[in-house]
Amino acid sequence: MKKAGYYSSGVFSRMANVTLRTIRYYDKQDILKPSFVSEGGARFYTDKDFARLQQILLLKFLGFSLEDIREMLIDDTDYHFMLNSLNIQLKLVQDRIEQMQLVEKAIQDTSKAIRKEHTIDWNQMLKLIHLTGMEKSLKNQYQNASNISARIHLHHLYSQNQQGWFPWIYEQLKLCPGMRILEIGCGDGTLWLENIDKIPKKTEITLSDVSEGMLRDARRAIGAADDRFFYQVFDCQDMPCEDDSFDVIVANHVLFYCEDIPKACKEVLRVLKPGGRFLCSAYGRSHMKEVSELVQGFDERIVLSADKLYDRFGMENGREILSQFFSVCEWMRYEDCLVVPKPEPLISYVLSCHGNQGQYITERYKEFRTYVKRKTDRGFHITKEAGLFICKIV
């Protein structure tokens with residue numbers, strides 16, 4: 001007997017314009033299970049299942065394997081998850097369009113060279129091979145962009161400091177017309193996007209990152225027509241920049257990821273102009289500690305980060321590290337905390353961490369959501385312990 005609000009497998013497959021065989025295959029692969037199975041074995045699906053199927057089909061179109069898709073999807077259609085997922089998928093579609101345009105041009109250039117020279121330009125062919133292999137990086141880009149988005153989203157929603165982290169950092173930069181600025185590890189460019197109307201017109205801002213995908217996101221968000229911005233892919237431990245190039249250099253939650261922090265500091269010192277300023281953010285040991293306590297209360301095996309980044313470079317030891325290179329090093333704390341009244345953004349944050357949480361949460365997701373909802377019903381308080389080291393040479 002058909003339940004109200006449920007669609008049979010046949011109706012469901014026709015709604016999605018896919019074959020019944022595809023629906024059955026996704027069921028067997030544990031990617032899309034029916035919401036209801038009758039005593040006779042008939043399978044029924046809901047609108048929630050339809051939304052999940054749409055995500056599966058889009059990711060499959062973008063070239064992800066079913067194994068990849070299984071890792072990317074979570075069994076929840078709350079609008080926080082759905083909106084974030086759609087925004088990330090939109091970026092992936094835009095990246096694929098840009099990629100195919102580059103492939104098109106490379107094919108045209110190669111064909112033109114063959115017709116003109118009657119020989120093959122192997123350099124051009126190598127370029128084409130590289131371009132057609134770009135999809136291999138899409139999974140990492142999707143995951144990185146999703147993780148960054150989830151973290152920023154939680155802070156945007158529930159930070160108690162009304163100024164916000166990125167406007168606060170911008171205020172400390174003290175930019176003036178004519179300055180040259182460098183951000184290392186710029187990510188998706190949020191620092192500049194949130195303060196775009198405050199930036200002096202006559203400035204030159206170089207955004208750098210090790211990820212080409214992140215730089216594409218930044219360029220797309222800021223707009224290619226803004227001639228104040230330049231984009232470069234490089235590692236801050238080896239900058240392709242001339243000595244004494246920049247008035248201000250900013251590193252927002254970057255240094256603790258460097259394999260060789262002293263080497264990165266030497267590079268910053270080399271490319272910073274005399275009298276210039278270096279601003280780098282850091283966490284303290286108590287930052288977001290309640291989140292780790294929360295997940296370990298659910299399952300003590302969960303570790304959100306195997307690396308304690310604040311031990312590599314943090315509020316407690318950052319001055320000692322930076323003082324080896326800069327004669328002035330001041331700490332400015334950003335006063336803030338989070339009060340989270342809903343489970344979904346907090347769950348997104350947890351899933352974005354670099355630990356083993358997926359191993360223990362994914363299979364027990366509904367149980368975990370109920371657990372987090374109970375914790376957030378009266379507002380879940382989270383400590384924030386972060387700020388900036390402001391350095392210069394006198």
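The structure is a predicted model, in which local features need pLDDT of at least 70, side-chain atom pairs count only at pLDDT 80 or more, and totals for chains, interfaces and linings use all residues. Residues are numbered from 1 along each chain as its sequence is written, and side-chain values use heavy atoms, with hydrogens and water left out.

Helices (H or I, at least four residues) and strands (E, at least two) are DSSP runs, numbered from the N terminus. Two strands are said to pair if DSSP finds at least two bridges between them. Strands of a sheet pair through backbone hydrogen bonds, either parallel or antiparallel. In this model, seven strands form an open sheet with mixed pairing, in the order 6-5-4-7-8-12-9.

Strand 4 (residues 180-184) pairs in the parallel sense with strand 7 (residues 246-251) over four bridges. Leu182 has Ile249 of strand 7 as its bridge partner, and Glu183 stands opposite Val250 in strand 7. Strand 4 also pairs with strand 5 in the parallel sense, over five bridges, and here Arg180 stands opposite Glu204. Burial is expressed as relative accessible area: buried means under 20%, exposed over 50%, and partly exposed in between (1.4 Å probe, protein chains only). By this criterion, four of the five residues of strand 4 are buried, and the strand is mostly covered.

Strand 12 (386-392) pairs in the antiparallel sense with strand 8 (272-283) over seven bridges. Phe278 has Cys391 of strand 12 as its bridge partner. Seven bridges also join strand 12 to strand 9, again in antiparallel fashion, with Val328 opposite Lys392. Strand 12 is mostly covered, six of its seven residues being buried.

The buried residues of helix 10 are Gly213, Met214, Leu215, Arg216, Asp217, Ala218 and Ile222. At the start of helix 10, a side-chain oxygen of Ser211 comes to within 3.1 Å of the backbone nitrogen of Met214. Just after the helix, Gly223 adopts a positive phi of about 105°.

Two packed helices are described by the angle between their axes and the distance between the axes. Helix 12 (289-298) and helix 17 (residues 365-376) pack at an angle of about 130°, with their axes 11 Å apart. Angles under 35 degrees count as roughly parallel, over 145 as roughly antiparallel, 65 to 115 as roughly perpendicular and the rest as oblique; helix 12 and helix 17 are therefore oblique to each other. The contact is made by Leu294, Val295, Gly297 and Phe298 of helix 12 and by Glu367, Phe368, Tyr371, Val372 and Lys375 of helix 17.

Asp299 is placed in the loop between helix 12 and helix 13 (309-312). Asp299 is buried, with a relative accessible area of 7%. Residues up to four places away in sequence not being counted, Asp299 touches Tyr360 and Arg364. The side chains of Asp299 and Arg364 make a polar contact (3.4 Å), a term for a pair of N or O atoms within 3.5 Å; within protein, one must be able to donate a hydrogen and the other to accept it, and residues adjacent in sequence count only if both atoms are side-chain atoms.

Most residues other than glycine have a negative phi, and most peptide bonds are trans. Asn17, although not a glycine, has a positive phi of about 60°; Asn17 lies in the loop between helix 1 (9-16) and helix 2 (20-28) and counts as exposed at 70% relative accessibility. His253, likewise not a glycine, has a positive phi of about 55°. His253 lies in the loop between strand 7 and helix 11 (261-271) and counts as buried at 18% relative accessibility.

Conventions. Contact = heavy atoms within 4.5 Å. Axes fitted to C-alpha atoms, helices over the stretch in contact; angles between N-to-C directions.
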